[in-house]
Each structure stands twice: as structure tokens, then as C-alpha cells.
Amino acid sequence: MLEAAGWGLLAGSALLVGALVGYLARVPRGVIAAVMGFGSGVLISAVSFDLIAEAHELGGLVPTAVGSAIGAVVYTAANVALARRGARHRKRSGGLQPSEDQQGGSGTAIAIGALLDGIPESVVIGASLISGGGVSLVTVAAVFVSNVPEGLSSAAGMRTAGRGARYVFGLWTGIALVSGLAALAGYGLLAGAPPQWLAGITAFAGGAILAMIADTMIPEAFDDAHLLVGLSTVAGFLSAFALSHA
């Protein structure tokens, strides 16, 4: 369980690294968009060849399809609710994030939204240890790489919206810690679960992650990289695919 928590904390710490760069440095928005596209491709590859493939191997098509669909629906419903409270543009680096004066409670909504984005990834990291063969390094690497541009872009947007350093770094430090706890829970709660249940939960996380990529990451990347986002996304996809077969 401690190993699971450590891997989750490591992957989650990339959010804080990205936030430090995004808040303290003036990174061109085109660069942020390109890195965001790369991170999207990495996650898509991890979901395709690690999560969904593993779920199918564990439980077959039905638990995998049902779990993925439920994960996407639950994430989307939660995301819609948070968007109405000011968290719609939580990953945007430009001036779209509302300040607290513009929309009261938006800071809390953004914090909850950031948790919503990170928990499924961390649970899967913990669950990957259940087989006894060690953590899925591809999943950890994919989450780490994708978390850097997420933290970078979101922190840059928070700075533009007038949120202070205490809020920004407190938020991302807290989410990194929660990522470790979520990975611990993924191992502790799912160890001994029937293969069909484990398949469904793994697929649930995969569906939620895919919905998150489509709803929050790719739109941010496309806004500033436009047609070039396809190239950076494919580069990330192929990098993760090569890592999974190394």
C-alpha cells in the first residue's frame, strides 16, 4: 500500500512541477498548447494499450464496455456541474478562468475539478500493483508526463485570473497528496476483487480519462496550436506506445 501511495504521489507531483513553471515563468501559450497536445496523446495511448486492453483481458468485452461508458458519463456529469460554478476553463492558460470577484465560489469549483481530473489516474496506478508484478511504469510515466502541462496551463490561467501563489501552490500540493492517497485506495480497496469487478473499475477510470482529455485538454491545446495540435498529440501517442513495448 505504501508503494502504491508513493507511485501515486510521484505522478501527482508533476502537477506541482508544472504549476511552478506556469506561475513563475512566462511560457508562450503556443508552447503550453503543444505540450498539452503531447500529454493528451500520451494519455490516449496509456488508456488504449494499458487500461482498456488490461480490462478486456481481465473481464472481457461487457465489463470493459460498461465500465468505460459509466466512467465517461459520471465524469461528464460532474464536469458539467462544476463548469456551471466556474471551473469550465480550469486548464486554460489564457484569460478565460473567472476570478473570485467575477464568479463567487469559482476557486472552490476549480479545486474540486482538479481533483476530479486526477483521481481516476491515481486509482489505476494503485490497482496496477494488485497482480504482484510491480507497478505499470507506462501508466505512471503517462500520468506524470500529462500532469506537467495540466499544472502548467492551469496555474498560468490562475495567475491571469488574479489568484495568489498561496492558493495556486496550496491547491496543487494538496492534489499531489490526494493522488498518493487515491493510489493507495486503488490498491487497498481493489485487492482481492473478482476479475470482472477489477476490469469494470479499470475501464471506468479509462472512460473518465478519455472524457477528461476530450473535454479539457484537447480544447486548450487546439485554442493556441490549432492544426499543429494533431502533430504533438500523435507524437505523444507514439512515445507512450514505444515505451509500452520497450
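**Close-up views: a cavity and a helix pair**

**View 1. Cavities in the predicted model.** A search of the whole structure turns up two cavities of 30 Å³ or more. The model is a predicted one. The second largest cavity holds about 60 Å³ of space.

**View 2. Residues lining the second largest cavity.** The lining includes Leu43, Ala46, Val47 and Leu51. Glu121 and Val124 also line this cavity. So do Thr139, Ala142 and Val143, together with Ile209. By class, the lining residues split into eight nonpolar, one polar and one charged. Glu121 is the charged one. Thr139 is the polar one.

**View 3. Helices around the second largest cavity.** Helix H2 spans 29–59, helix H4 spans 106–127 and helix H5 spans 137–160. Each of these three helices supplies at least two residues of the lining. H2 gives the largest share, four residues.

**View 4. Helices H1 and H5 side by side.** Helix H1 covers residues 2–24. The axes of H1 and H5 come within 6 Å. They cross at roughly 30°. Angles under 35 degrees count as roughly parallel, and H1 and H5 are therefore roughly parallel to each other. Their crossing is right-handed. In the contact of H1 with H5, the residues divide into 17 nonpolar, six polar and two charged. H5 also supplies at least two residues to the lining of the second largest cavity.

Terms used
Residues are numbered from 1 along each chain as its sequence is written. This is a predicted model: local features need pLDDT of at least 70, side-chain atom pairs count only at pLDDT 80 or more; totals for chains, interfaces and linings use all residues. Side-chain values use heavy atoms; hydrogens and water are left out. On a 1 Å grid over the protein atoms alone, a cavity is a set of points where a 1.4 Å probe fits but cannot get out, and a pocket is an open set with protein on both sides within 12 Å along at least five of seven lines; lining residues have an atom within 4 Å of a point. Grid points are joined across faces, edges and corners, and a volume is the space filled by probe spheres set on the points. Axes are lines fitted to C-alpha atoms, for helices over the stretch in contact, and angles run from 0 to 180 degrees between N-to-C directions. Angles under 35 degrees count as roughly parallel, over 145 as roughly antiparallel, 65 to 115 as roughly perpendicular and the rest as oblique. A crossing is left-handed if the near helix is turned anticlockwise from the far one by less than a right angle, and right-handed if clockwise.
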